[in-house]
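Subject: Handover of a structure

Dear colleague,

Please find below the structure that I am passing on to you. My notes on what was found in it follow directly after it.

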There are 2 protein chains.
Amino acid sequence: MKYTYISDLKDHVGKEVTIAGWLYNKRSSGKVRFVIVRDGTGICQTTAFKPEVDPAVFETCDKLDQETSLKVTGVVRKDDRAPGGYELSIKEITILGESKDFPISPKEHGVAFLMENRHLWLRSIKQHATLRVRHQVIKAVRDFFDNRGFTLLDTPILTANACEGTTTLFETDYFGQKAYLSQSGQLYNEANAMAFGKVYCFGPTFRAEKSKTRRHLTEFWMVEPEVAFMDLEGNMDLAEEFVEYVVGQVVEKCRNELKILERDITKLECVKRPFPRISYAETQKFLQTKKEEYASSADPELKKLSEDMLKNGLGDDLGAADETAIGINHDRPVMVHRYPSAVKAFYMKNDPQNPEYALCVDVIAPEGVGEIIGGGQREESLEVLEGKIKHHGLPLEAFKWYLDLRRYGTVPHSGFGMGIERMVTWVTGTHHVRETIPFPRLMDTIWP
Amino acid sequence: MKYTYISDLKDHVGKEVTIAGWLYNKRSSGKVRFVIVRDGTGICQTTAFKPEVDPAVFETCDKLDQETSLKVTGVVRKDDRAPGGYELSIKEITILGESKDFPISPKEHGVAFLMENRHLWLRSIKQHATLRVRHQVIKAVRDFFDNRGFTLLDTPILTANACEGTTTLFETDYFGQKAYLSQSGQLYNEANAMAFGKVYCFGPTFRAEKSKTRRHLTEFWMVEPEVAFMDLEGNMDLAEEFVEYVVGQVVEKCRNELKILERDITKLECVKRPFPRISYAETQKFLQTKKEEYASSADPELKKLSEDMLKNGLGDDLGAADETAIGINHDRPVMVHRYPSAVKAFYMKNDPQNPEYALCVDVIAPEGVGEIIGGGQREESLEVLEGKIKHHGLPLEAFKWYLDLRRYGTVPHSGFGMGIERMVTWVTGTHHVRETIPFPRLMDTIWP
């Protein structure tokens, strides 16, 4: 069962090959039949010219439906007009599996319908391109860390403690005790960093959030590096180099996919270091100016944005509208650092210069995609950390092992997390995060 | 906060650098102090010679406890006798964090104690080496598929259907309905293969099995390739090439780690294609011979093995004892194919030559590690598959989307799954699978 992949046709020009795949499209014009085949690696136009082929070939061509599986034998010709650049002159064609009334026709379908048929929607050219970009993003992420001496250490999904409250956690019974699906590998990552220096984890994370925005999934993939002896500045340097690398790899390796997705590549090509680094305090001033400007804007979208921004008070975490306002005013990601410590997790280190603020950083993507990275420097003092845990009303006992990391050779350390689907949403220019993962899980979607 | 990594010392011979890390060990001998530092990237001996250094340096050296965090400034010297090959002459030494009574001393500890202190045990040299091999195994797995044109497509963890019974599934509440943690991405993989041709998924999988063997985890990582237009033979070719590549990469890239683990590398170097391919029926004859041979053996371990093998009847799936018997009689993995279809999953295609047997394959590792790969060719006929689902007493409705893959352009396809921890257990020669993942999850272990 050896066939030639469409992506390999370039190596077989002038030779006879057999390809196997599915009917992507067909056209006919008098004595010619155009049978366009997809095999997952590419798309190939195969042609039958009546005087030249067996009548049975012509008959078969006329019986093909969208997504019929088939194999085609013929000689490979280079043809720049053909999609993919190569054509096959059909010598033999065989139907392998029928496909009566394939549900997703080239006409427009509602999103609910497409989501119910996600297992088939994946065959569409735009979904295919989006997920090929996802593949490349993930590969770039891993290559970045592997090439810099990081050790991949998978952190557990099943955890015993609901350290920061159970409201957004999925719970399960673990042989008689309660367990929760992890929202982040960070605490475990810190133990790993103390053993391996530079580490990252990369796996699915879970949030049982009752939100239905276009930026939220209940199950999403996150990569989290953590580095011993790295401070906030080093963390921002790393995040900046990382984002530049990942976007650069997509631009270099996914030209074809980005073209299919009609993505404006110039918006990605300008993602070069240095990224603006703006403190939360400065950001607030910037947002105040924009809020006023947009309030009197003639553009209804900006006016609406201004209203949404008003809902967020000074001292709050940045809201989605704030992040949008930052994103649409910059041509590259913006690193907002030193948020009020009150809105950040207990393990963030306070700024010694100004303890009301935390040594943290969020990276806000341009074009209104919002936060793609969140991270910071961790508190390394045992006493301060114990105090913070108590202050947050968290159970000290649950953190015994975590506090051991400060008890035995504590060191300054930092890290961050990047959500893969947010990143793919941004680089592909996709409107809703649900299209950036093969089988999205949303509040109202767990099937197929 | 810029320090030199110990793994980079080779580039700084004769120069003054500062390293930062933890006290791994120390020795003193009259006027000399040896302070051995680990930083996660390597181990470096730093030395202070009394007449040459500030008395404060000497005093600090004497105050260091195991796992004290510190930084050391000094000149790099090449010294083949030193662990790692490079030494530092201490000019300055600073304690960053104390470490009083680090729980894991060089003396022997019980496994229960080490597992409770897993977050600290990771700093031990053998655990470090084992998990570095894990890193390399995972990198090799991804490189193998990425370099062969496979697309990585993550399959969901949260799934709505408990298709094959709920007894070994972790269950959670998903916004008012029941959901389960995935045991395998295979069904979704098949949808992906119909869209992308050659795909793989790679993520954590979950089994709520009440078993306490040294081969079982409740949470483990699995890689699963799936290929359209590939039959059982192609699947065995792929599995064989894959295992050879992964083992080869470990032998090539992890020399130092395998040495620390005292692994006999010759046992890995002979893992070369072709692997023996033996049908289940032939395997039974082989096992019968061994059972008899071992029953009269003077070796009590073999006698015990023979007894364990007796518990398994003809027509059953292979038991752990059977796999051990196969493994200890071969110097490379054995591919056992065509098991009785009755013991395999409903989606396996029956052998057209002999429908009582399924077109499946398990790869049994040598040295008694057991099965590392399971897979096979999938049933592509809609009618046959519907019949099998009913025959297994499974709910047809739950498989509607899966059956669509046969309704719309069905094609022959195959794939397999490999458990990462089993693979790491084998290549590192580790006794228990729990040491091959940073934070193992066992029936009685979900903390730390």
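In chain B of this predicted model, helix α5 (residues 186-196) and helix α13 (residues 400-407) have axes that come within 10 Å and cross at roughly 35 degrees. The crossing of α5(B) with α13(B) is left-handed. On the side of α5(B), the residues involved are Q186(B), L187(B), Y188(B), E190(B), A191(B) and M194(B); they meet W401(B), Y402(B), L405(B) and R406(B) of α13(B).

I turn now to the interface between the chains. Chain A and chain B each contribute to the contact, with 99 residues from chain A and 99 residues from chain B. Between them, the two chains bury about 8100 Å², and carbon and sulfur atoms account for 64% of that area.

Which polar and charged interactions are found across the interface of chain B and chain A? Two salt bridges are found there by the rule. In a salt bridge, the side chain of D154(B) meets that of R134(A), with an N to O distance of 2.6 Å.

On the side of chain B that touches chain A, helix α4 (residues 125-146) of chain B provides the largest share, with nine residues. That side of chain B is made up of 52 nonpolar, 24 polar and 23 charged residues.

Yours sincerely,

A colleague

Conventions
Residues are numbered from 1 along each chain as its sequence is written. Chains are lettered from A and ligands numbered from 1 in the order in which they are written. This is a predicted model: local features need pLDDT of at least 70, side-chain atom pairs count only at pLDDT 80 or more; totals for chains, interfaces and linings use all residues. Side-chain values use heavy atoms; hydrogens and water are left out. Contact means heavy atoms within 4.5 Å. Buried area is the accessible area (1.4 Å probe) that two parts lose on being put together, summed over both. A salt bridge is a side-chain nitrogen of Lys or Arg within 4 Å of a carboxyl oxygen of Asp or Glu. Helices (H or I, at least four residues) and strands (E, at least two) are DSSP runs, numbered from the N terminus. Ala, Val, Leu, Ile, Met, Phe, Trp, Tyr, Cys and Pro count as nonpolar, Asp, Glu, Lys and Arg as charged, and the others, Gly among them, as polar. Axes are lines fitted to C-alpha atoms, for helices over the stretch in contact, and angles run from 0 to 180 degrees between N-to-C directions. A crossing is left-handed if the near helix is turned anticlockwise from the far one by less than a right angle, and right-handed if clockwise.
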